[in-house]
Amino acid sequence: MRRAQKKQAQDFAKLLAQAHDEIRKEIGKKNRAAAMDLLAQCQEGAVQLGNLIEKTEGEEAATIPLLESYCELAYRIYEEINGSGDEAINENRIYKKLRKALLQIENSIRNDIKVRLEVVFFPYKASMWDSLESVWMAANGDPDCDAYVVPIPYYDRNRDGSLGVYHYEGGSLPEYVPIVYYENYRLEERRPDIAYIHNPYDQGNYVTSVEPGFYSSEIKKYVDKLVYIPYYTTTGGMSEGQEQCMAYYYADYIVIQSAKYRKFFDSDLPDSKFLALGSPKFDRIIRMCASPGTPPEDWKKKMDGRKVCFYNTSINGMLGDTPRFLKKMAYIFRCFQGREDVCLMWRPHPLLESTFDSLRPEYRHLYDKLKKLFLEQDLGIYDETPDITETISYCDAYIGDSATSVTSLFGMAGKPLFIVNNSLDKAPGAEDWRGEIIRGFRTDGKDQWIITQGNKLYHAPGNDYHYRYYCDLSAYASGGYYSSTWEIGGKVYVCPANAQEILVVAGGRIERRVSLERCVEQGGAFAGAWGIGQYLFLIPLRYPAIVRYDTEKDRVDYIRGYNDVFIQIVEEKRRVGGSCVWNGFLMLASPADNRILAIEASTGKAGLLTANVQNYEGCGGMIPETGGRDSEKDERRMRGKDAAVAQYIWLLPFSGTTIVRWNPETGESREYGDMPAGFQCRELPKRLETRERPFGQAMFREKEVIFSPYWGNMFICLDRETGELREWKPFFPVLEKEKNEYFIFSCPGYFLPGAAGSWPERWFSGFDRKLYDINPDTGEYREVEIVFDEEELTAHADGFREGSDWMQYACEENAFQTLEDFLEGNLKGASFDRERQLRAYEKIAANNDGTCGEKLHRFVCEKIRER
C-alpha cells in the first residue's frame with residue numbers, strides 16, 4: 001500500500017472513532033434514531049475501508065476479517081437499539097465493544113499493512129543513466145518500494161533560444177531497465193513519494209532543454225522528496241557554472257561526492273539539502289570494471305592484442321579554444337594512424353555536435369571533416385553507444401582533457417590518465433622545452449629565482465640566468481600553485497598563485513610554511529604579489545581579501561572589503577586591475593573605472609583615491625616613473641635611508657586607448673589617447689579582435705616614453721613635451737607570433753630594467769622566450785643567455801604523479817612527456833602506479849566502495865517514513 005493510501009486508511013479509522021463518541025452521546029441523550037444512523041454510517045465506512053485495503057493488499061489481508069467482524073458488531077448493536085423499546089441502554093457498554101473492535105483494526109492497519117513507496121527516476125540522456133542506475137537498483141530490489149524509470153524527452157535549442165529538434169532516448173537505456181513512456185506516467189495522479197533527476201538546469205541551459213513539464217519546479221508540485229544527482233563527477237574541482245542551477249532551489253536533497261564540495265554551491269542554500277554520499281557513477285564503474293562484459297564483434301577485431309586508449313573530446317575543451325581543439329584532434333589521429341600496438345577509442349561528448357551548432361557553428365564543417373576522416377580511414381573505434389561505463393570497462397587508458405568528469409571515472413577504475421594539452425599539435429623539437437620552463441621574468445630585474453613547470457624552484461646564485469634545480473615546492477606536479485619569489489631580510493619567500501600558503505625556502509628545501517585561511521577550493525586564489533620593505537602583499541583573484549604578511553613579526557593580516565575595487569566581472573570575465581608599489585604604498589586600480597585603492601604598507605591602512613580623468617575605462621597596468629620597478633628603493637625609503645620618491649604613476653588602460661599620467665599626491669593627471677592610424681588590438685593567443693589590454697610595459701627616456709604592446713599591434717612612443725603619440729619601431733627582435741605552440745604567451749614581450757653598465761634596458765621576448773639587453777641611445781642589443789641543464793630538467797620530469805587538488809593523479813602532456821612516449825611506454829619520470837592512483841582518488845568521494853546508491857536510497861526512504 002502506498003503511504004498516502006495507508007494514511008487514508010488510518011484517517012478512516014479516526015473517523016470511526018469520532019463516530020463512536022457521537023453514538024455514546026446520542027444514546028445517553030436517548031436519541032436512538034441518531035445513534036442508529038451513525039451506526040449505519042460506521043458500517044458503510046468500514047465497507048469502504050475494506051474495499052480500499054482489499055484493492056491494494058488483496059483479499060487475504062489480515063485487516064479484512066477484522067472489518068467484517070466490526071460490521072457484524074455494528075449490525076447487532078443497531079438491532080439491539082432498534083428492539084429495545086423503552087428499556088434503558090448502557091451507552092458505555094456499547095462504546096467499549098465498538099472501541100475494542102476498532103483498536104484491533106487500527107493495530108492491524110499499523111502493523112499488518114506495509115507501506116510501499118513509489119520511487120520514480122527521470123533520466124533524459126541515456127548516456128547519463130549511470131548517474132541514477134545504482135540508486136534505481138537499490139529501489140528496484142527493495143520489497144517495500146515500487147520503482148519506475150520514466151525517460152523524458154529533450155530538445156536542442158535553436159539559436160534564438162526556442163525549442164528545436166526533439167529527442168527521446170528511452171529505447172537506448174540498458175535492456176534490463178524496464179521503462180514507462182512519459183505520457184503514461186501522470187505526475188499529478190501518481191504523486192510519487194520520491195523522484196530522482198540528473199538535469200539541474202530547467203530553462204537555464206542554452207544548448208538543450210528537457211520537456212518543460214519535467215522542469216524541477218513542475219516535478220516538485222507532485223512529489224514529496226525531489227533528489228538531484230549530478231550527471232557528472234569531478235576529480236576535485238567544479239566550475240562556477242554549477243554554483244547556481246534552477247533545480248537546487250526546488251530539490252529537497254542534492255547529492256555531492258564528499259562534504260568538501262558543498263563550498264562550490266550557492267552558500268544561501270541550506271546545508272541540510274546536501275548529502276555527501278559519493279556518486280552512483282562511481283558505483284557503476286567499480287562494478288563494471290570488476291567484471292567487464294564482451295565488446296561488440298566489430299570492436300573486438302580492432303581491440304584484439306592492442307592497448308585500447310579512450311579519447312575524450314569534451315565540450316569545455318572545444319569551447320576553450322576551438323581552432324586549437326580541432327588541430328589537437330587531427331594530431332591525435334595522426335599519432336594513432338598505422339599503429340598495430342594501440343587502438344584509439346574515440347568517444348565525443350554526447351552534446352558536442354549540438355554545442356558546435358549552437359555556440360560554434362562556424363567550425364562545425366571542420367569537425368565534420370575530421371570525423372569523416374576518422375571513419376573513412378578506419379583510424380579506430382567511433383563510440384556513440386549510450387553507455388560510457390561499459391566502454392570504459394573495455395579500455396586500458398584515458399587520453400583527453402582534464403576538465404571533464406570522465407577523468408574521475410578512469411581514476412576510480414584505476415586506469416592511467418594521460419591529460420593532453422590542446423595547444424600542442426605536434427611533437428616537440430629541440431629546445432622547445434624552453435617555452436614551458438621559461439615562463440617570464442620579474443619586472444624589477446630580481447631573477448635569481450624562477451618557478452618552472454611542475455611547481456619546481458630553480459636558482460641562479462649569480463643572478464646571471466644560469467639556473468640549477470633547487471627544490472620542489474609542492475607534492476603536486478601541476479596546478480600552478482606558486483607565482484613569484486621575494487628576498488626580504490635575507491630570506492626567500494615564495495608567494496602563492498593557486499596555493500594558500502607562503503613558503504620560506506633555504507638550504508635546498510622548504511624551511512617553513514606560512515598557512516593562510518583556506519577560502520578557495522579550486523584554482524585562482526591570487527593574481528600576484530608585491531614586496532614592500534618587510535611586508536609581502538598578495539593580490540587576490542578569487543581569494544576574499546588582500547593578504548599582508550609582516551616577515552619580521554611573522555604576522556598575517558587580511559585586508560577585507562576592497563576586492564570589488566580592483567576585481568570586476570565585465571562581460572562575464574573576471575578582470576583584475578593594474579597594481580604597483582609607490583612610495584611605500586601598494587596601489588590597486590579598478591579595471592572598469594577610475595578608482596584606486598591605496599594601502600600604506602607599514603600600517604595596513606587603506607583608502608580610496610580617484611584619478612581625475614575622462615574617457616577612461618579602467619586600468620590594466622600601473623607603472624611608477626621613478627624607482628617604481630626597484631623594490632630596494634622602496635625598502636630603503638621604508639627604513640628612512642632614501643628620500644627619493646616616485647612622483648607620477650602611468651595608468652595603462654584595460655579597455656580603450658587612453659594612457660594617463662597621474663600624480664597621486666596632487667591629483668593632477670594628463671590624458672593621452674590619440675593613437676596613430678592602424679592601431680588595433682587582438683586578444684592572444686586566439687587573436688580575436690578586442691579593445692582590451694593595448695599596452696604592457698613602459699621604457700622611460702628623457703624626452704619620451706615607449707610603451708610596449710600587450711594585445712596592441714605596435715609599440716607607441718609618447719613625446720613628453722607635445723603629448724604626441726606615434727608608432728615606434730623596435731631595433732631588437734620582436735616576433736609577430738609565437739615560435740610554435742610550445743611558446744604560447746600572453747603578449748609579444750615586455751621591458752625590464754637593464755643590467756649595470758651600458759645596457760639601460762632589457763626586452764623579454766615572450767614568443768620565443770629570449771632575453772635581450774638593449775640600448776635605445778645607440779640602437780645596440782645583445783642576447784642574454786638563459787641556461788638550464790636539459791638533463792637535469794629531464795631528471796625532474798614528473799611522469800605519473802598527483803597533479804593538483806583538482807586532478808588527483810595523472811600524467812600531463814608537455815615537452816618532456818609526449819603522447820608518442822606514452823603510447824610507446826617510454827615516458828620520462830615516474831611510471832604508472834595503480835595502487836597509488838586508487839589511494840589518491842579516495843580523497844574525492846565518500847563511499848567509493850560502490851555503495852553510494854543503496855545508502856542514498858535507504859536515507860531518503862527513512863526520511864519519508866519518519867513523517
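Leaving aside neighbours within four places in sequence, which residues is phenylalanine 265 in contact with? They are Tyr232, Met238, Gln242, Glu243, Tyr248, Ile254, Ile256 and Phe274, where contact means heavy atoms within 4.5 Å.

## About the model

This is a predicted model, in which local features need pLDDT of at least 70 and side-chain atom pairs count only at pLDDT 80 or more, while totals for chains, interfaces and linings use all residues. Residues are numbered from 1 along each chain as its sequence is written, and side-chain values use heavy atoms, with hydrogens and water left out.

## Nonpolar cores

A nonpolar core is a set of buried Ala, Val, Leu, Ile, Met, Phe, Trp, Tyr and Cys residues joined through side-chain atoms within 4.5 Å; buried means under 20% relative accessible area (1.4 Å probe, protein chains only). The largest such core has 96 residues, and Phe122, Phe265 and Ile399 touch the most other members. Helix α11 (residues 322–336) gives this core its largest share, eight residues; helices are DSSP runs of H or I, at least four residues, and strands are runs of E, at least two, numbered from the N terminus.

A second, separate core holds 46 residues, among them Tyr672, Leu718, Leu752 and Phe788.

## Isoleucine 315

Helix α10 (residues 315–320) contains isoleucine 315, which counts as buried at 17% relative accessibility. Not counting residues up to four places away in sequence, isoleucine 315 touches His349, Leu351, Leu352 and Thr355.

## Arginine 548

Look next at strand β24 (residues 546–550), where arginine 548 is found. Arginine 548 is buried, with a relative accessible area of 8%. Its side chain reaches the backbone oxygen of alanine 601 at 3.0 Å.

Terms used: Buried means under 20% relative accessible area, exposed over 50%, partly exposed in between (1.4 Å probe, protein chains only). A polar contact is a pair of N or O atoms within 3.5 Å; within protein, one must be able to donate a hydrogen and the other to accept it, and residues adjacent in sequence count only if both atoms are side-chain atoms.
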